[in-house]
Amino acid sequence: MILTDREIRLAIQNRLIVIDPAPNEKAFSSTAIDLTLDENISELKEGEGGLEQAIDPSHKDFQPERTIELVSRKIIIPAEGYLLRPDVLVLAWTKEYVNLVSYNRVAARVEGKSSLARFGLAIHVTAPTIHAGFDGHIRLEMVNHGKLPIRLRTGIRICQLIFEQTLGTPERGYQGQFSGQGG
Amino acid sequence: MRVRIEEIGTGQHPSEKVVKVETIEGPEQLLVDKRSIRERSLDIGFPVGQKNGHLLVELPRETFSGLWRVWVDEQMVVG
């Protein structure tokens with residue numbers, strides 16, 4: 001069941017959903033809330049000619065963040081914006097910090113905006129679920145599938161968050177038979 | 001409740017930290033927001049299983065190896 005704007009506001013008022021900075025009135029639609037683009041992005045580099053590289057995620061020594069650091073460059077989006085070229089993958093973040101309190105019966109999905117999708121901008125790569133208990137700035141995996149570069153500026157409405165009520169409380173949010181037995 | 005962690009690095013965003021959790025099958029690493037870290041521990045809600053002095057806990061984010069739930073020694077869980 002998708003939460004409406006009224007239910008989202010109530011959840012925010014009751015600190016069951018935390019969004020910081022708080023969204024303004026224009027960020028709401030009937031069943032979603034818009035989030036904006038942070039100034040930090042990481043652009044994945046193109047491979048160099050004559051050099052064969054591959055990622056091995058199941059290797060015992062695989063370090064995803066280290067790998068990303070090696071194959072990307074960090075950019076602070078300048079005032080004139082960042083030009084996302086076709087077929088380039090960048091990691092980006094929402095400006096807003098989001099916390100879905102773990103005992104709350106809410107999870108969310110991050111989805112694109114049709115206003116940007118029509119030019120080919122995808123904001124995630126098959127990983128849209130924001131699980132109950134998540135906290136942090138949402139990491140976006142953005143690709144320009146269009147034919148023309150897209151200029152991205154800090155603060156643009158980049159994605160929308162759709163909140164869904166779960167059926168029941170997740171086990172980790174329920175003080176069951178294992179509570180009080182640690183430490 | 002919280003699980004003890006060790007900070008081992010930073011993420012791509014200034015708000016991100018890479019942390020390590022010692023599980024009974026070896027260390028697992030995950031990326032978290034630095035606001036999540038308090039006194040070298042992370043909120044895990046309540047344990048979701050118990051066996052032979054070990055607790056099954058769900059981490060707040062997926063580990064680099066793709067796990068959400070890991071078995072840890074009881075001593076790793078506090079609060």
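In what order do the 3 strands of the open sheet in chain B run?

**View 1. The open sheet of chain B in the predicted model.** The order is S5-S1-S9, and the strands pair in the antiparallel sense. The edges are taken by strand S5 (41-43) and strand S9 (77-78) of chain B; each has a single partner strand, so one side of each is left without a neighbour in the sheet.

**View 2. Pairing of strands S1 and S9 in chain B.** Strand S1 of chain B covers residues 2-4 and is joined to S9(B) by 2 bridges, in the antiparallel sense. Within this pair, B:Val3 has B:Val77 of S9(B) as its bridge partner.

**View 3. Chain B as a whole.** Chain B has 9 strands and 0 helices. The C-alpha trace spans about 40 × 25 × 15 Å along its principal axes. The radius of gyration of chain B is 12 Å, which agrees with the value near 12 Å for a compact globule of 79 residues. Of these 79 residues, 41% count as buried. Among contacts in chain B between residues at least 6 apart in sequence, 44% link residues at least 24 apart. The average pLDDT of chain B is 95, and 100% of its residues score at least 70.

**View 4. The contact between chain A and chain B.** Chain A contributes 27 residues and chain B 30 residues. On the side of chain A that touches chain B, at least two residues each come from strand S3 (32-44), helix H2 (64-71), strand S6 (89-100) and strand S10 (135-144). That side of chain A has 9 nonpolar, 13 polar and 5 charged residues. For the complex, the predictor gives an ipTM of 0.81 and a pTM of 0.88.

Key
Residues numbered from 1 in each chain as written. Chains lettered and ligands numbered in written order. Predicted model: local features only at pLDDT ≥ 70, side-chain atom pairs only at ≥ 80, totals over all residues. Contact = placed C-beta atoms within 7 Å. Helix = DSSP H or I, 4+ residues; strand = E, 2+ residues; numbered from the N terminus. Nonpolar A, V, L, I, M, F, W, Y, C, P; charged D, E, K, R; others polar. Pairing = 2+ DSSP bridges. pLDDT = per-residue confidence, 0-100. Rg over C-alpha atoms; globule rule 2.2 N^0.38 Å. Buried ≥ 20, exposed ≤ 12 C-beta atoms within 10 Å, placed from the backbone.
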